[in-house]
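Subject: Structure handover

Hello,

Here is the structure for you to look over. My notes come after it.

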Amino acid sequence: MRRRRAVVAAGFCASFLLGSVLNVLFAPGSEPPRPGQSPGPSPAPGPSRRGGRGELARQIRARYEEVQRYSRGGPGPGAGRPERRRLMDLAPGGPGLQRPRPPRARPLPDGAPGWPPAPGPGSPGPGPRLGCAALRNVSGAQYVGSGYTKAVYRVRLPGGAAVALKAVDFSGHDLGSCVREFGARRGCYRLAAHKLLKEMVLLERLRHPNVLQLYGYCYQDSEDIPDTLTTITELGAPVEMIQLLQTSWEDRFRICLSLGRLLHHLAHSPLGSVTLLDFRPRQFVLVDGELKVTDLDDARVEETPCSGSADCILEFPARNFTLPCSAQGWCEAMNEKRNLYNAYRFFFTYLLPHSAPPSLRPLLDSIVNATGELTWGVDETLAQLEKVLHLYRSGQYLQNSTAGSRAEYQRLPDSTVPQEDYRCWPSYHHGSCLLSVFNLAEAVDICESHAQCRAFVVTNQTTWTGRQLVFFKTGWSHMVPDPSKTTYVRASG
């Protein structure tokens with residue numbers, strides 16, 4: 001594995017070192033080649049094993065047409081006038097400027113199209129879209145991981161910002177199996193790269209706070225293949241479920257709320273209802289605590305056609321669901337229901353109920369049960385998640401939990417207790433008991449409920465909901481000045 005990662009990383013770095021003449025081509029959009037028109041350069045011929053070059057061309061064209069459908073969909077949020085951009089114009093005599101080709105370039109398989117247009121103009125963030133020039137002096141390149149098709153790297157741009165780069169994995173399953181079948185390395189690269197291009201188009205069309213931001217793209221010669229595609233995206237941290245189970249309920253709820261908002265957006269996107277066929281935690285990343293989908297090459301927009309409910313069976317490993325067939329001949333809400341059940345079985349059932357405030361558990365249990373039975377759609381699910389957020393953020397969940405007598409606590413401003421910690425679960429800090437509270441009364445209640453608690457320190461730090469972070473202590477024998485904290489100690493007697 002180490003050798004494979006070293007080879008992949010070395011090839012990646014070499015591609016940037018050798019790419020001294022890098023530029024992005026902004027030209028009018030390309031269309032599928034007309035009958036009889038040569039589609040442009042392609043892989044050198046090699047021995048075909050099954051299906052031959054015609055089958056490879058058919059698969060390339062199918063992926064090309066899929067990307068075209070998504071790039072021509074309704075205007076994405078925030079998009080301006082849809083200027084047509086093209087990553088490459090591989091058709092001889094096509095419109096726009098032509099990039100010089102290596103003399104060894106050869107035609108595509110018969111009938112294979114050139115590259116479809118890239119997404120429309122505009123950047124997810126302020127400033128122009130990043131291109132190849134931004135990658136000339138990157139530093140700190142690190143291999144992050146790879147799947148069947150793509151490899152992901154972390155790099156730091158000259159300005160200091162860290163971004164993720166995605167490219168077709170030359171040692172990956174998709175490219176390797178295609179080369180073994182067709183013996184056409186460049187054509188197989190094109191086939192795999194269309195999945196990366198599809199993802200790039202969808203990242204742009206589905207722009208949303210819970211969709212990874214696309215910053216730009218670049219193409220350059222790499223190894224023996226001209227015009228390899230690299231996408232530049234926002235950098236996130238992998239979703240590690242074991243680690244998430246050890247975090248605070250507030251942070252776990254934020255992830256579930258992020259997912260609910262994402263699924264609502266996918267169900268009502270400008271392209272129609274989008275389903276994630278490969279829905280696993282590894283398809284998501286965390287960016288500043290927010291869950292974002294990063295892998296969209298297996299997303300699908302089209303609903304399932306049907307002639308009756310027998311054609312609308314939604315299958316999962318543990319159980320199946322039968323959905324109604326509409327009068328228009330489509331399985332009703334199959335895309336959103338597939339997403340919703342996957343959210344239940346991979347996220348909600350593990351992250352929502354455990355260690356939640358007791359007064360919120362009935363509502364959280366109803367969300368888990370309704371999504372597990374698919375009795376709700378994404379609209380109702382999101383409405384209930386937003387209700388939980390409102391109850392928690394406003395402190396209304398405390399109405400029935402703060403009654404009863406409390407001990408008296410003395411307020412000691414501008415001070416803290418640096419030691420005398422104990423552990424509690426779940427805590428924001430593994431070596432101490434650090435929890436969030438809505439107000440001072442809740443902090444007192446928590447201290448009263450912990451047998452070892454004799455004092456607590458209120459900080460000036462807040463969580464994403466605006467709640468204050470508080471350290472709970474076993475005593476206050478050693479106190480030090482700290483203008484950003486206030487200590488409360490239990491009065492004697």
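The notes below cover a sheet, the helix on it and some backbone details.

This is a predicted model: local features need pLDDT of at least 70, side-chain atom pairs count only at pLDDT 80 or more, and totals for chains, interfaces and linings use all residues. Residues are numbered from 1 along each chain as its sequence is written, and side-chain values use heavy atoms, with hydrogens and water left out.

The sheet

Five strands form an open sheet in the order β17-β21-β19-β20-β18, with antiparallel pairing. Strands are DSSP runs of E with at least two residues, helices are runs of H or I with at least four, and both are numbered from the N terminus. Two strands pair if DSSP finds at least two bridges between them. The edges are β17 and β18, each of which pairs on one side only. Neighbouring strands are turned by 30° against each other on average, direction ignored. For such angles, axes are lines fitted to C-alpha atoms, for helices over the stretch in contact, and the angles run from 0 to 180 degrees between N-to-C directions.

Helix α10 (residues 440–449) packs on this sheet. It touches β17, β18, β19, β20 and β21 (480–490); contact means heavy atoms within 4.5 Å. The direction of α10 makes about 140° with that of β19.

Now the pairings. β19 (residues 455–462) and β20 are antiparallel over five bridges. Val457 stands opposite Phe471 in β20. β18 and β20 (residues 468–473) also pair in the antiparallel sense, over five bridges. There, Ser436 has Leu469 as its bridge partner.

Buried means under 20% relative accessible area, exposed over 50%, and partly exposed in between (1.4 Å probe, protein chains only). Cover comes on both faces: Cys433, Leu435 and Val437 are buried on one side, Leu434 and Ser436 on the other.

Backbone details

Most residues other than glycine have a negative phi, and most peptide bonds are trans.

- Trp425 and Pro426 are joined by a cis peptide bond, with omega about -5°. Pro426 sits in the loop between β17 (409–416) and β18.
- Ala333 has a positive phi of about 55°. It lies in the loop between β16 (320–322) and α7 (334–351), and is partly exposed at 29% relative accessible area.
- Asp414 has a positive phi near 55°. This residue belongs to strand β17 and is partly exposed, at 46% relative accessibility.

Best wishes
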